[in-house]
Amino acid sequence: MSEPQVVYAHHNLAVPEDDIADLFGNGKIGIDYGMGEVFNKTAFAEEGEPTDSIETMDSLREEGGIVLGQYHRDDLMLLGYVNQDKNIEIIEAGNGTKIKALQLDRYEQVHRDDYPELFNVSKGQQAVHNLHADAKAVRNAFKDVFDEATLNSL
């Protein structure tokens with residue numbers, strides 16, 4: 001059995017703080033750019049090449065995986081997972097910005113004091129991207145927060 005992909009999402013969304021708090025509080029990751037109302041990467045194939053972030057979200061939507069999400073550079077992150085065959089939804093922010101969002105099926109907020117290794121992962125340039133070098137540390141934290149059976153079921 002192969003290990004689930006591990007995705008890191010960091011957001012500097014150009015939306016009101018209330019919208020960011022709603023995403024974080026409701027266990028969603030998202031991006032505020034892309035090709036219009038995108039539900040998966042094939043929906044905008046004629047509009048140009050998808051971004052790496054959209055391709056990663058589409059892969060996560062399709063295959064599932066572990067998610068580590070951070071909205072601000074503070075002491076909390078989301079740690080959770082997405083099951084297979086989800087939809088990317090469109091949420092309209094208070095300022096009219098369309099956010100492409102993916103709901104985590106189960107998540108917990110983790111604190112820097114409890115899991116400092118999660119706050120030291122290699123943060124790439126893309127808003128949503130696969131972690132490779134730090135994937136093992138994230139899987140270990142995931143196993144601690146949830147349990148090994150949950151990890152093995154992904």
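**Labels and the numbers behind them**

Tutor: The chain has 4 helices and 8 strands. This is a predicted model, in which local features need pLDDT of at least 70 and side-chain atom pairs count only at pLDDT 80 or more, while totals for chains, interfaces and linings use all residues. Residues are numbered from 1 along each chain as its sequence is written, and side-chain values use heavy atoms, with hydrogens and water left out.

Student: Why is Met 77 called buried?

Tutor: Buried means under 20% relative accessible area, exposed means over 50%, and partly exposed is in between (1.4 Å probe, protein chains only). Met 77 has 0% relative accessibility, so it counts as buried. This residue lies in strand E4. Across the chain, buried residues make up 45% of the 154 residues.

Student: What does Met 77 touch?

Tutor: Contact means heavy atoms within 4.5 Å. Leaving out residues up to four places away in sequence, the partners of Met 77 include Tyr 8, Phe 24, Leu 68, Val 110 and Phe 119. For the chain in general, take the contacts with a separation of 6 or more: 66% of them are between residues 24 or more positions apart.

Student: What makes a group of residues a nonpolar core, and how many residues has the largest one?

Tutor: The members must be buried Ala, Val, Leu, Ile, Met, Phe, Trp, Tyr or Cys residues, joined through side-chain atoms within 4.5 Å. The largest has 24 residues, and those with the most contacts inside it are Ile 29, Leu 60, Tyr 71, Leu 102 and Val 128. Two or more residues each come from E1, helix H1 (17-25), strand E2 (28-31), helix H2 (52-63), E4 and E6. A second, separate core has 19 residues, including Met 77, Tyr 81, Val 110 and Ala 135.

Student: Which residues does Val 128 contact?

Tutor: With neighbours within four places in sequence set aside, Val 128 is in contact with Val 7, Tyr 8, Ala 9, Ile 31, Asp 52, Ser 53, Thr 56 and Met 57.

Student: How do you know that Arg 139 and Glu 3 form a salt bridge?

Tutor: The rule asks for a side-chain nitrogen of Lys or Arg within 4 Å of a carboxyl oxygen of Asp or Glu. Arg 139 and Glu 3 come in at 3.5 Å, N to O, so they qualify. The pair links distant parts of the chain, with Arg 139 in helix H3 (residues 135-145) and Glu 3 in the segment before strand E1 (6-10), 136 residues apart. By the rule there are 7 salt bridges.

Student: Are those two partners buried or exposed?

Tutor: One of each: Arg 139 is at 13%, so it is buried, whereas Glu 3 is at 58%, so it is exposed.

Student: What ties Asp 105 to Lys 86?

Tutor: A salt bridge at 2.9 Å, N to O. Asp 105 is in the loop between strand E6 (98-103) and strand E7 (106-111), and Lys 86 is in the loop between strand E4 (76-82) and strand E5 (89-92), so the bridge ties together parts 19 residues apart in sequence. Asp 105 is partly exposed, at 33%. Elsewhere, salt bridges with shared partners join Asp 58, Arg 61 and Glu 62 into one network.

Student: What makes something a pocket, and how much space lies in the largest one?

Tutor: On a 1 Å grid over the protein atoms alone, a pocket is an open set of points where a 1.4 Å probe fits, with protein on both sides within 12 Å along at least five of seven lines; lining residues have an atom within 4 Å of a point. Of its 10 lining residues, the closest to the centre are Glu 3, Pro 4, Arg 139, Leu 151 and Asn 152. H3 gives the most to the lining, with 4 residues.
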